[in-house]
Amino acid sequence: MFTKKKGIFTGVALCCCIILSAVILNIDTSEGSIIRNKYPLIETEKYVFDTNELEFAESVRYAPNIAEIEILERLPNYTVTVEDEEMGISDEVTFNQYKVRILDDVAETHFDKQSDGTIIICFAEGFAESYPNLTDGMNAICSIEAAGGDHTGKYLLYDKTFYYIDSGLALAAYEGDKSPASNYCEKDDLVEQIKNIRNTSVK
């Protein structure tokens with residue numbers, strides 16, 4: 001009788017574990033799906049720049065800066081005159097720009113920030129489809145580099161090292177990403193891996 005009851009209790013406990021695991025798995029999957037629906041994947045053909053496809057570790061090592069940022073606001077567009085003296089060509093190029101706050105200097109490369117902890121990032125409007133759709137309040141971990149010439153004082157998005165941050169999760173922006181966040185992962189896990197790679201490359 002005792003053996004029979006023990007068997008029943010064991011069976012019930014096993015069923016509960018299976019149900020609980022299914023519920024947890026369903027929550028994780030749905031949460032990842034919700035975030036991906038919020039931040040659609042940028043397909044490879046939309047990225048117009050001719051860059052080599054790098055492994056995650058290589059991208060992190062080569063990145064000039066990596067930081068977690070918060071998009072504060074989009075600023076008015078500005079134009080830059082691009083000239084090619086040899087070809088005798090002169091053209092006006094429009095740039096989008098955004099005021100962002102540095103939340104975490106992940107790669108510890110130090111930014112030339114304003115007194116309020118902000119910088120301005122920019123990119124050519126004609127290549128907008130190659131970049132994530134930046135909106136006020138969005139958080140992201142991305143690679144950026146200091147700009148020069150007419151953009152001095154601003155920063156450019158460097159490459160495909162761009163991860164949306166939402167609800168403590170990190171999600172890759174680009175198709176073909178080879179990081180832990182290619183589907184999604186904990187933000188802290190992504191940051192830890194980036195720091196480990198950068199620290200290793202310095203030694």
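A residue counts as buried here when its relative accessible area is under 20%, and that cut-off is handy for the first close-up of this predicted model.

**View 1. Glu 68, a charged residue tucked into strand S1.** Glu 68 sits in S1, the strand that runs over residues 66-84. Its relative accessibility is 5%, so Glu 68 counts as buried. Look for its side chain meeting that of Lys 187: the two are joined by a polar contact of 3.2 Å. Setting aside neighbours within four places in sequence, Glu 68 also touches a run of others, including Arg 101, Leu 103, Asn 139 and Ile 165.

**View 2. The largest nonpolar core.** The largest share, 4 residues, comes from S5.

**View 3. Around Ile 69.** Zoom in on Ile 69 and, leaving out neighbours within four places in sequence, you'll find it in contact with residues that include Val 100, Ile 102, Ile 121, Met 138 and Cys 142. There is also a second, separate core of 17 residues, with Phe 56, Ile 66, Ala 107 and Ala 170 among them.

**View 4. The second largest pocket.** Its volume is about 200 Å³. It is lined by 14 residues, and Pro 40, Ile 42, Tyr 131, Pro 132 and Asn 133 are the closest to its centre. Sorted by class, the lining has 9 nonpolar, 2 polar and 3 charged residues.

Key
Residues numbered from 1 in each chain as written. Predicted model: local features only at pLDDT ≥ 70, side-chain atom pairs only at ≥ 80, totals over all residues. Heavy atoms only, no water. Helix = DSSP H or I, 4+ residues; strand = E, 2+ residues; numbered from the N terminus. Buried < 20%, exposed > 50% of the residue type's maximum accessible area, 1.4 Å probe, protein only. Polar contact = N/O pair within 3.5 Å; in protein donor to acceptor, adjacent residues only side chain to side chain. Contact = heavy atoms within 4.5 Å. Core = buried A, V, L, I, M, F, W, Y, C linked by side-chain atoms within 4.5 Å. 1 Å grid on protein atoms, 1.4 Å probe; cavity = no way out; pocket = protein on both sides within 12 Å on 5 of 7 lines; lining within 4 Å. Points joined across faces, edges and corners; volume = space filled by probe spheres on them.
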